[in-house]
Amino acid sequence: MKQTTAIYTLTSALHDEKAVSAVTQEFLGSIGIEYVLKGNDYSDYGTSSLSLIYVRTGGTEGLFKQLLPGLQAKSSQPFYLLTSGKSNSLAASMEILSYLRQHDIRGEIIHGSTAYIAQRIRHLEAIEKACSRLRGTRLGIIGEPSDWLISSHADKQTVMERLGITLVDIPMQALLDKVSDCLTIQQAMAGAQRIYEALKEMVNAYRLSGFTLRCFDLLSAVRNTGCLALAKLNAEGYVAGCEGDVPAMLSMMIVRSLLGISGFQANPSTINPETGEMLFAHCTIPFDMVERYEYDTHFESGIGVGIRGYMKEGPVTIFKLAGDLSRYFVTEGTLVRNQAKPDLCRTQQVIALADKRQTSYFLTNPIGNHHIIMPGHQQTLIEGLLNSLGIEESTIKKNRE
């Protein structure tokens, strides 16, 4: 797929082409984006990373209806209708979008100030490129989800059809066979490094972009943890999740594909509905997410290597996608402090939600226990990506008012 934005045009034959072309040149030039103008030649529609249909005039609704079957055959992208608002183009776009909605076809009108249009197109470019990156991705499930993750599975067929991701089952024994020598390694750090090396070998052997690991099996089998390995592999650009949690892994993969950054898989430890303050914790965090880190033991077992990481305080986003892709949750907040209490998983983050009412989601309709934390306020982009895939936000979030 070409990594460009292609702009196709819809124009009524009743309008003077010379006048319309002058408006086109002025309008597209004012937006300030890079694009290839295709005009009314739709032969390669859908081959660019983003395809826009510039509705230049009114009276184009019937023309679009004629084109629609062929365009649907070429691309599964939503239909993005760009309009300047001149020559009744907005009215025509609204009629077209209404028709699309009546037939359960996704679409959006891109209209407003030139600054808004430019920002929206850049967001859509990022979203469509992320969708392209997701397609063809292979993610491993090393061992089954941990026994306590009774809701954290995924529908493999749905994941393939909607996201283009192949989920690959890999027996836990395949890893245990590689790290059996850890039992003879007396130094915890050396053993943790051996687990990292073995997982890196498996990533290459199975051609994976990431994986989730049934990591607690390592505690009894080799008396060590995968915490160091996951911290390193995430920092190297892979997605590496804990406890065999497939929805968490998919959420991390979306973050990686859309934003090019790692996500911190953690579970809430305490929630204050009155203030909107939450404490998240886990025993590992990607090394590229923290300003500094310390080594400790794994919390629950007291053995092996755990990671206590300190992320920069400031804006963060919390995100989770359901394993059946039926819904998602995303909200923003502020990391107000890192802490290091001895009675919790080693990395601990206190986050104040921007809207304290969002705590109702965690207490009444959560998507599992693990959630993904990332730096920055990223809600708009994440919502845009998932909405473009036809995935709805949490009903609790939509009805919070």
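Guide: Gladly, and let us begin with pairing: two strands pair if DSSP finds at least two bridges between them. Strands (E, at least two residues) and helices (H or I, at least four) are DSSP runs, numbered from the N terminus. This is a predicted model, in which local features need pLDDT of at least 70, side-chain atom pairs count only at pLDDT 80 or more, and totals for chains, interfaces and linings use all residues. Residues are numbered from 1 along each chain as its sequence is written, and side-chain values use heavy atoms, with hydrogens and water left out.

Visitor: How do you know that β6 and β8 pair?

Guide: Pairing asks for at least two bridges, and strand β6 (residues 138-142) has 4 bridges to strand β8 (residues 210-213), in the parallel sense. Within this part of the model, Ile141 stands opposite Thr212 in β8. These strands belong to an open sheet of 4 strands, ordered β7-β6-β8-β9, with parallel pairing.

Visitor: What makes β7 and β9 edge strands?

Guide: β7 (166-170) and β9 (239-242) each have a single partner strand, so one side of each has no neighbour in the sheet. Neighbouring strands here are turned by 20° against each other on average, direction ignored.

Visitor: Why is helix α12 called largely enclosed?

Guide: Buried means under 20% relative accessible area, exposed means over 50%, and partly exposed is in between (1.4 Å probe, protein chains only). In α12 (residues 379-388), 8 of the 10 residues are buried, so the helix is largely enclosed by the rest of the structure. The buried ones are Gln379, Leu381, Ile382, Glu383, Gly384, Leu385, Leu386 and Ser388. Just after α12, Gly390 takes a positive phi of about 80°.

Visitor: Why are α10 and α12 called roughly perpendicular?

Guide: Axes are lines fitted to C-alpha atoms, for helices over the stretch in contact, and angles run from 0 to 180 degrees between N-to-C directions. Under 35 degrees counts as roughly parallel, over 145 as roughly antiparallel, 65 to 115 as roughly perpendicular, and the rest as oblique. The axes of α10 (residues 246-259) and α12 cross at roughly 105° and come within 11 Å, and the pair is therefore roughly perpendicular.

Visitor: What makes their contact nonpolar?

Guide: Contact means heavy atoms within 4.5 Å. Ile254, Leu258 and Leu259 in α10 meet Leu381, Ile382, Leu385 and Leu386 in α12. By class, that contact has 7 nonpolar residues, no polar and no charged ones. Ala, Val, Leu, Ile, Met, Phe, Trp, Tyr, Cys and Pro count as nonpolar, Asp, Glu, Lys and Arg as charged, and the others, Gly among them, as polar.

Visitor: How do you know that Arg214 and Asp217 form a salt bridge?

Guide: The rule wants a side-chain nitrogen of Lys or Arg within 4 Å of a carboxyl oxygen of Asp or Glu. For Arg214 and Asp217 the closest N and O atoms are 3.0 Å apart, and the pair is a salt bridge. Arg214 has a relative accessible area of 15% and is buried, while Asp217, at 25%, counts as partly exposed. The count by this rule comes to 15 salt bridges.

Visitor: What makes the bridge between Glu277 and Arg337 a tie between separate parts of the sequence?

Guide: Their side chains meet at 3.8 Å, N to O. Glu277 lies in strand β11 (residues 277-282) and Arg337 in strand β15 (residues 327-339), so the pair ties together parts that are 60 residues apart in sequence.
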